[in-house]
Every structure is written in structure tokens, then in C-alpha cells.
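These are my notebook entries on a structure that I have not examined before. I set down what I looked up, entry by entry.

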Amino acid sequence: MNESLHPLTPHHLPPFITAPGDIDILMVVMGIVLLMAILFVGNIYLQLHSLPERMAHKSKKLQFEIVAVLCLLALFTHNHLFWIAGLLLALIDLPDFITPLRSIAASVQKIAGIPPDADPTEPPEMADAATPVSDKTADDEAREQGHA
């Protein structure tokens, strides 16, 4: 192949112009830079997009699931109103209405003589495996000790 230049070309060409059939180094480098820029900007976008969810998770908010759903809806629908609602919900601390209502219900059950229901937020109590379980009732034990 003849490496001679066309007669109308300038005598010194810039270094980014390659000969026919050679690898265009500038295009390869720019392709890699473009790929890295797309990945970097996409990562920043997803980090920013999950900001309300991470804020609600850090502060252990009760509405964490709602914030997470709003963030996913905003991601898939491209509706920014969902993201703003999730951000506002992550920043607001909702009052706890359930604990006082459970306390009131337990007090009313106690006054009525009904044994209170187990608290669903507490784990069930486990009996000690080391202590044997007796079939005797409190009345039987009192009779054995001589108390009637």
C-alpha cells in the first residue's frame, strides 16, 4: 500500500488524523470516556433518586415502606411528584398513635377483668428449658403447704 499523501493535503497533519486502515486512537479513548461518563452520571442519578429511602431507613421511620414505594414509582414512571412526596414523607416524623391506643385498650381490658391481649410488637415469651413444668395449680400447692 502506498503511504504517499494526496498532493493537496497540508504537509504536516495533526496527530489525531490517522492513515486509512489504522486504529483511530482518539475515537477509542473518547468511547471509553463516554462510557465512563454515562456510568458515573447514572450512578449519581440512582444515588440521588434513592435519597429519601436512605433517609427514612437511617432514622427508622414508621413510613419507610411508603417512602420506598414512592421512590420506585418515581423511578419507573418518571413522575417527579412521587419523589418529592417520598422526600417530604422521609423528612416528616409522623406521630405515634398506635402506642397510646394500645395502652388505652389494655387498661380498659384490665378494668373489665379480661386478660390483656399479647402485644404484637413484643416477641412471645419462651419458658425456661431448665425449669420443669409442673401440672399442679396454685390451689394444689397451697393445700400441700397447709394453707386453705
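Does Thr18 count as buried, partly exposed or exposed? I looked up its relative accessibility, which is 34%, so Thr18 counts as partly exposed. I note at the outset that the model is predicted.

**Entry 1: Surroundings of Thr18.** I located Thr18 in the segment before helix 1. Setting aside residues up to four places away in sequence, I found that Thr18 touches Ile23 and Asp24.

**Entry 2: The chain as a whole.** I then turned to the overall make-up. The chain has six helices and zero strands, and along the sequence I read the pattern α-α-α-α-α-α. I looked up burial next: of the 148 residues, 11% count as buried. The accessible surface of the chain is about 13100 Å², and 69% of that surface belongs to carbon and sulfur atoms. For contacts with a separation of 6 or more, I recorded that 37% are between residues 24 or more positions apart.

**Entry 3: Helix 1 and helix 2.** I wished to know how these two elements are arranged. Two packed helices are described by the angle between their axes and the distance between the axes. Helix 1 covers residues 25–49 and helix 2 covers residues 51–58. Their axes are 4 Å apart, and the packing angle is about 45 degrees. Helix 1 is therefore oblique to helix 2. On the side of helix 1, I listed Gln47, Leu48 and His49, which meet Leu51, Pro52 and Arg54 in helix 2. Sorted by class, this contact has three nonpolar, two polar and one charged residues.

**Entry 4: Helix 2 and helix 3.** What is the angle at which the axes of helix 2 and helix 3 cross? I noted roughly 170 degrees, with the axes coming within 9 Å. An angle over 145 degrees counts as roughly antiparallel, and helix 2 and helix 3 are therefore roughly antiparallel to each other. Helix 2 contributes Pro52, Glu53, Ala56 and His57 to the contact, while helix 3 contributes Phe64, Val67, Ala68 and Cys71. By class, I recorded six nonpolar, one polar and one charged residues for the contact of helix 2 with helix 3.

**Entry 5: The nonpolar core.** Which residues make up the largest nonpolar core? I found six residues in all: Ala56, Val67, Leu70, Cys71, Leu89 and Ala90. Helix 3 (64–77) and helix 4 (80–91) each supply at least two residues of this core. Helix 3 gives the most, with three residues.

**Entry 6: Trp83.** I placed Trp83 in helix 4. Apart from its neighbours within four places in sequence, Trp83 is in contact with Leu48, His49, Pro52 and Ala74. I also looked up a spacing: the C-alpha atoms of Trp83 and His49 are separated by 7.6 Å, although the two residues are 34 residues apart along the chain.

**Entry 7: His78.** My last entry concerns the loop between helix 3 and helix 4, where His78 has its place. Most residues other than glycine have a negative phi. The phi of His78 is near 55 degrees, a positive value in a residue other than glycine.

Terms used:
Residues are numbered from 1 along each chain as its sequence is written. This is a predicted model: local features need pLDDT of at least 70, side-chain atom pairs count only at pLDDT 80 or more; totals for chains, interfaces and linings use all residues. Side-chain values use heavy atoms; hydrogens and water are left out. Axes are lines fitted to C-alpha atoms, for helices over the stretch in contact, and angles run from 0 to 180 degrees between N-to-C directions. Angles under 35 degrees count as roughly parallel, over 145 as roughly antiparallel, 65 to 115 as roughly perpendicular and the rest as oblique. Contact means heavy atoms within 4.5 Å. Ala, Val, Leu, Ile, Met, Phe, Trp, Tyr, Cys and Pro count as nonpolar, Asp, Glu, Lys and Arg as charged, and the others, Gly among them, as polar. Buried means under 20% relative accessible area, exposed over 50%, partly exposed in between (1.4 Å probe, protein chains only). Accessible areas come from the Shrake-Rupley method with a 1.4 Å probe; for residues, only the protein chains shown count as cover. A nonpolar core is a set of buried Ala, Val, Leu, Ile, Met, Phe, Trp, Tyr and Cys residues joined through side-chain atoms within 4.5 Å.
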